[in-house]
Amino acid sequence: MEAFVIRARLDLLVSLVDTTTGATVNERNVSFLRDGRPVRPEYRGNGTYVFINTGREDFLMQIKVYGYEEYRMRISYEDLDSSNPAMDIFLMPSENIFGGEGLLSLSGNLPFLKKIEAVNLLRPVCFSHEYDPKKKTMTVFGSGSGRVEMADMYYGLLKTDKESYEKIEVTETVAPQSVRLKDALQGEFASNSPVMRIVFGTVSENGDYLLRVRDDGTDIRYLVRYEVNDEVRFQTVDFRNKEALV
């Protein structure tokens, strides 16, 4: 009797995250489209979906989740880890579902805009303490005496001018108050600098942008980072005022 060997290859792992909170999106009313055709990845819990033996050709992925804006992104395998092609997808809550309650938006159009994101200047997760460039580790401390939890992956380290930040990606927690960074810091390190979680927005091909945050009832002041062509710009925005990017 001839033996058959069935091999399973992970071609894509997607984790759905609410960009305004950093929490896992556990809503099960979810649909995926690959180049406009419905596909059904396997659900593995905690907002995680896996694509098995689907091939690794680049494609346009659309994700529709109840309560969130539709997500569209071209998947390029050149940008993913070949041994573990995983990615976090940051979804934006929909005002159509929430009725605008508890949400504030920044929207408009800026020609040649590529990316947009922001950090809350008044809500740091923690503060920097020491940095080891060889080990790419950074120790941090909180405003109180409790343990600092850096459960997210992407943060902004505020620079001394307080008008810009360096993006950092946390790969692991190596000690209760120490994390390892994916890449070495490019800018000058300074102790006591605020570290803030990044909120991601969306940009269409014609430059329409949307960035949405939760209204926590306080001053909603964010430092917005956006890329126009190859230029990185920063702008402080009060979400209670309908400002536009310049």
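Reply: Rings of Phe, Tyr and Trp, with the six-membered ring taken for Trp, count as a pair if their centres lie within 6.5 Å. In this predicted model, the structure holds ten aromatic pairs. One of them joins F90 and F200, a tilted pair with 4.5 Å from centre to centre and 35° between the planes. Because F90 belongs to strand β8 and F200 to strand β16 (residues 194-200), this pair ties together parts that are 110 residues apart in sequence. Both partners are under the 20% limit for buried residues, since F90 has a relative accessibility of 18% and F200 one of 16%.

Strand β8 also holds I89, which counts as buried at 0% relative accessibility. I89 is among the residues with the most contacts inside the largest nonpolar core, a set of 20 residues. Strands β1, β2, β5, β6, β7 and β8 each give two or more residues to this core, and β6 gives the most, with four. Leaving aside neighbours within four places in sequence, I89 is in contact with V14, S15, L16, V17, M61, I63 and Y71. V14, counted in the same way, touches I89 in turn, and also F32, Y49 and F51, among others.

Over the face of Y43 lies R28, at 3.8 Å from the ring centre, while the charged end of R34 sits over the ring of F59, 4.0 Å from its centre.

Conventions:
Residues are numbered from 1 along each chain as its sequence is written. This is a predicted model: local features need pLDDT of at least 70, side-chain atom pairs count only at pLDDT 80 or more; totals for chains, interfaces and linings use all residues. Side-chain values use heavy atoms; hydrogens and water are left out. A nonpolar core is a set of buried Ala, Val, Leu, Ile, Met, Phe, Trp, Tyr and Cys residues joined through side-chain atoms within 4.5 Å. Buried means under 20% relative accessible area, exposed over 50%, partly exposed in between (1.4 Å probe, protein chains only). Contact means heavy atoms within 4.5 Å. Rings of Phe, Tyr and Trp (its six-membered ring) pair if their centres lie within 6.5 Å; planes under 30 degrees apart count as stacked, over 60 as edge-to-face and the rest as tilted. A charge sits over a ring if NZ of Lys or CZ of Arg is within 6 Å of the ring centre and within 35 degrees of the ring normal.
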